[in-house]
Amino acid sequence: MTGRRHMYLALICALCLKVIHAVRVGNVMMQSEFYQTQLPSAEFAFQFDDDEIFNVDFDNKEVRWRLPQFGKLSSFDAAGALQNRAVMAQNLQISMKRSNNTAAKPVTPIIHVFTEEPVVLNEPNKLICFVKEIFPPVIKMTWLKNNEPVTVGISVTDYYFASDLTYYKFLYLATIPEEGDVYTCSVEHAGLPTNPTNKFWFPEAPSHLSETSENVVCGLGLAVGIIGIVAGIFLIFKGLRANNQNRGH
């Protein structure tokens with residue numbers, strides 16, 4: 001329990017230091033970072049309008065650009081992020097002592113599963129597990145296919161900072177959906193009432209009318225249109241006839 005409390009306090013300390021930079025006036029360039037006692041122990045990133053520009057790999061002490069083109073247009077020294085991490089580690093220890101290890105309440109994350117492209121059975125696609133409102137940023141996300149763990153074709157993002165002081169994250173799975181398959185995004189987090197919490201996805205191709213059905217529908221539409229035209233002509237002639245009779249009187 002003590003480790004969990006420290007974990008929450010670390011995140012609060014980091015957010016208090018950096019959230020003041022996020023003043024929304026048109027476009028927003030935002031620096032987000034946190035330090036905590038559980039893994040991942042720290043993160044440092046820059047975002048532009050909720051899209052990540054880069055993050056710092058603390059293990060290798062290097063900058064990882066979200067797109068390689070970004071690194072050609074700008075630069076950032078990873079040493080600055082390392083210095084910030086050291087300062088946050090000190091601030092965390094001070095805050096823990098002053099607050100008597102008071103824990104922050106975890107937020108219940110929201111899980112969504114969808115595909116990158118419209119579903120076509122037996123054609124390559126990418127499944128996306130999107131989890132938002134993550135607080136604290138410690139979460140386990142895994143893929144299952146037909147109740148079996150999947151380890152191939154998986155990629156995951158870092159934690160992206162949201163304006164409501166929580167985080168969100170994506171877990172991807174490159175796969176070929178087939179009829180009868182069951183995909184599961186399994187999520188574990190301190191804020192969930194049940195761990196793990198599973199979100200299921202079933203491959204369902206968009207339904208298409210058969211050629212015979214399409215012909216029937218087109219025929220019915222044409223018939224209704226003809227009936228409408230005939231009824232309209234009948235009403236017009238009826239109106240003209242009534243008008244002529246009124247004039248004769």
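In the predicted model, C129 and C185 are joined as a disulfide, with their sulfur atoms 2.0 Å apart. A search of the whole structure finds 1 disulfide. This bond connects distant parts of the chain, since C129 belongs to strand β6 (residues 125–134) and C185 to strand β12 (residues 183–188), 56 residues apart. The torsion about the S-S bond of C129 and C185 is about -80°, and the disulfide is therefore left-handed. Both cysteines are enclosed: C129 has a relative accessible area of 0% and is buried, and C185, likewise at 0% relative accessibility, counts as buried.

The strand that carries C185 also takes part in a sheet. C185 has K199 of β13 as its bridge partner, and β12 and β13 pair in the antiparallel sense over 5 bridges. These strands belong to an open sheet of 4 strands, arranged in the order β8-β7-β12-β13 with antiparallel pairing. At the edges of this sheet stand β8 (148–149) and β13 (197–201), each of which has a single partner strand, so that one side of each is left without a neighbour in the sheet.

Aromatic side chains were examined next, and the count comes to 17 aromatic pairs. In one of these pairs, the rings of Y160 and F170 have their centres 6.3 Å apart and their planes at 55°, so the pair is classed as tilted. Because Y160 lies in strand β10 (residues 160–161) and F170 in strand β11 (residues 167–175), the pair ties together parts that are 10 residues apart in sequence. Both partners fall below the 20% limit for burial, with Y160 at 6% relative accessibility and therefore counted as buried, and F170 buried with a relative accessible area of 17%. Elsewhere, F44, F46, F54, W65 and F76 form one aromatic cluster.

Lysine side chains are also placed over aromatic rings in the model. K169 lies over the face of Y159, at 4.1 Å from the ring centre, whereas K126 lies over the face of Y172, at 5.6 Å from the ring centre.

For the chain as a whole, 4 helices and 13 strands are assigned, and 33% of the 249 residues count as buried. Among contacts with a separation of 6 or more, 55% are accounted for by residues 24 or more positions apart. The confidence of the prediction should be kept in view when these features are read: the chain averages a pLDDT of 81, and 72% of the residues score at least 70. Over residues 1–24, pLDDT stays under 50, and the model has 59 contacts beyond four places in sequence for this segment.

Note on methods: Residues are numbered from 1 along each chain as its sequence is written. This is a predicted model: local features need pLDDT of at least 70, side-chain atom pairs count only at pLDDT 80 or more; totals for chains, interfaces and linings use all residues. Side-chain values use heavy atoms; hydrogens and water are left out. pLDDT is the predictor's confidence in each residue, from 0 to 100. Contact means heavy atoms within 4.5 Å. A disulfide is a pair of cysteine sulfur atoms within 2.5 Å. Helices (H or I, at least four residues) and strands (E, at least two) are DSSP runs, numbered from the N terminus. Buried means under 20% relative accessible area, exposed over 50%, partly exposed in between (1.4 Å probe, protein chains only). Rings of Phe, Tyr and Trp (its six-membered ring) pair if their centres lie within 6.5 Å; planes under 30 degrees apart count as stacked, over 60 as edge-to-face and the rest as tilted. A charge sits over a ring if NZ of Lys or CZ of Arg is within 6 Å of the ring centre and within 35 degrees of the ring normal. Two strands pair if DSSP finds at least two bridges between them.
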